[in-house]
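I opened the model to look up a few local features and write them down. The entries follow in the order I took them.

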Amino acid sequence: MLELICKRLMLAIPTLLMVSMMVFGLQKLLPGDPLTAMLGEERDPAVIAQLRAELNLDAPIPVQYFNWLTRALQGDLGVSLRTQEPVTHLIATKLPVTLEMSLLAMIIALLFGISMGIMAAVNKNSWIDHGTNFVAISGISVPHFWLGILLILIFSVNLQWLPASGFVPFSEDPLQNLRTLLLPALVLGTGLAATLMRHTRASMIAVLKADYIRTARAKGLLPKAVIMKHAFRNALVPVITLTTLLFGELLGGAVLTEQVFTIPGFGKMIVDSVFNRDYAVVQGVVLVVAIGFLALNLLADVLYVLINPKMRSQ
């Protein structure tokens, strides 16, 4: 296990280096000047030139990249051009909000997606199978922003059970924190549950056709034991891969949901920094997202080994 983790960490170093080079280089290809876009064309050119020198924007691109990478390795991701706040502080403020919402959405998705996938596979071609497939296709097809507005109308405006927008930190009021995140997590979780249901169903159907499943049934094992102990455990490997990828996408892709529910999260900060040409924030955010994806892939590899002992020798 330790050898596997070390190998994955060694592979992560050139991956992160390549990601940082691509993001830094592609930003420089964008037309226009970030300082001019932020300060306006009417600002004194001398002031803009002084700021460019202070921010090291007048140096050659390789020098700029080397200076940024050196500071990043020391934990300094720079300062936002627009807010003048450290990028690490902005990420530390916004990331926990999206992380909490994503965790809640993933719990909802796992509970509904996997259970419906198992029921559909066990009852293949029955009305249960057709019904769960209909629900899954509906969950994939419905846009998140439309579902969010619909849930606000039902649970916030009409029933007045949950707040329509806003965010309360967990440290201030745990119950109100859960109430503010429940609707956006439900919006995100429905789409994820639909995707997980489809993959769980396909994986379970393939496993249920295996010879060892027929042998387990021939031995007289209870159907529940055959499904949960033998079939489901082996069907989990592709589901784990999908779950880690979906969770990584949530960290940077919950923009519309955060916008609809006015959640001050990580996704909204990414879009705002791109539109504002805030280079330091974009670079820091992409680097953190890349680290998150690599960490989730490492977690998936570790779970593979724990679930399937045969992979320990590979």
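**Loop residues with positive phi**

I began with Gln160, which is exposed at a relative accessible area of 64%. Here buried means under 20% relative accessible area, exposed over 50% and partly exposed in between, with a 1.4 Å probe and protein chains only. I note that this is a predicted model, in which local features need pLDDT of at least 70 and side-chain atom pairs count only at pLDDT 80 or more, while totals for chains, interfaces and linings use all residues. Residues are numbered from 1 along each chain as its sequence is written, and side-chain values use heavy atoms, with hydrogens and water left out.

I found Gln160 in the loop between α7 (144–158) and α8 (174–208). Helices are DSSP runs of H or I with at least four residues, strands are runs of E with at least two, and both are numbered from the N terminus. The phi of Gln160 is positive, about 55 degrees, although Gln160 is not a glycine. I wrote down the background: most residues other than glycine have a negative phi.

Thr262 also went into the notebook, with a positive phi near 55 degrees in a residue other than glycine. I located Thr262 in the loop between α11 (255–260) and α12 (266–275).

**Whole chain**

I then looked up the totals. The protein chain has 13 helices and zero strands. Of its 314 residues, 39% count as buried. Its accessible surface comes to about 17400 Å², and carbon and sulfur atoms hold 69% of that. These areas come from the Shrake-Rupley method with a 1.4 Å probe; for residues, only the protein chains shown count as cover.

I also checked the contacts, meaning heavy atoms within 4.5 Å. Of those between residues at least 6 apart in sequence, 72% join residues at least 24 apart.

**Annotated spans**

I looked up the UniProt record, an unreviewed entry, for "transmembrane region": the annotation covers residues 9–30, 103–122, 134–157, 177–196, 235–261 and 281–307. Such annotations may be inferred rather than shown by experiment; positions are in the numbering used here, and feature names are shortened.

I checked two of these spans in the model. Residues 134–157 are 92% helix and 0% strand, with the end C-alpha atoms 28 Å apart. Residues 177–196 are 100% helix and 0% strand, and their end C-alpha atoms lie 27 Å apart.

**Aromatic pairs**

How many aromatic pairs does the rule give? Rings of Phe, Tyr and Trp (its six-membered ring) pair if their centres lie within 6.5 Å; planes under 30 degrees apart count as stacked, over 60 as edge-to-face and the rest as tilted. By this rule I have two aromatic pairs.

Tyr65 and Trp68 form a tilted pair, 6.3 Å centre to centre with 35 degrees between the planes. The two residues are about one helical turn apart, because they sit three residues apart in helix α4 (residues 61–73). I have Tyr65 as buried at 14% relative accessible area, and Trp68 as buried at 4%.

Phe155 and Trp161 form a tilted pair, with 6.1 Å between centres and 45 degrees between the planes. Phe155 is partly exposed at 23%, whereas Trp161 is exposed at 54%. I placed Trp161 in the loop between α7 and α8.

**Nonpolar patch**

Trp161 came up again in a nonpolar surface patch, together with Phe145, Trp146, Ile149, Leu153, Ile154, Val157, Leu159 and Leu256. The accessible area of the patch is about 880 Å² in all. Patches are made of residues with over 30% relative accessible area and no salt bridge; like charges are joined within 9 Å, and nonpolar side chains (Val, Leu, Ile, Met, Phe, Trp, Tyr) within 5 Å. A salt bridge is a side-chain nitrogen of Lys or Arg within 4 Å of a carboxyl oxygen of Asp or Glu. I noted that the largest share of this patch, six residues, comes from α7.

Gly248 lies in helix α10 (residues 223–253) and is buried at 2% relative accessible area. Which residues does Gly248 touch, not counting those up to four places away in sequence? I found Phe293 and Leu296. Gly248 is also 9.2 Å from Ser102, C-alpha to C-alpha, while the two are 146 residues apart in sequence.

Asn177 lies in helix α8 and counts as buried at 2% relative accessibility. Leaving aside neighbours within four places in sequence, I listed its contacts as Glu100, Phe167, Val168, Pro169 and Phe170.
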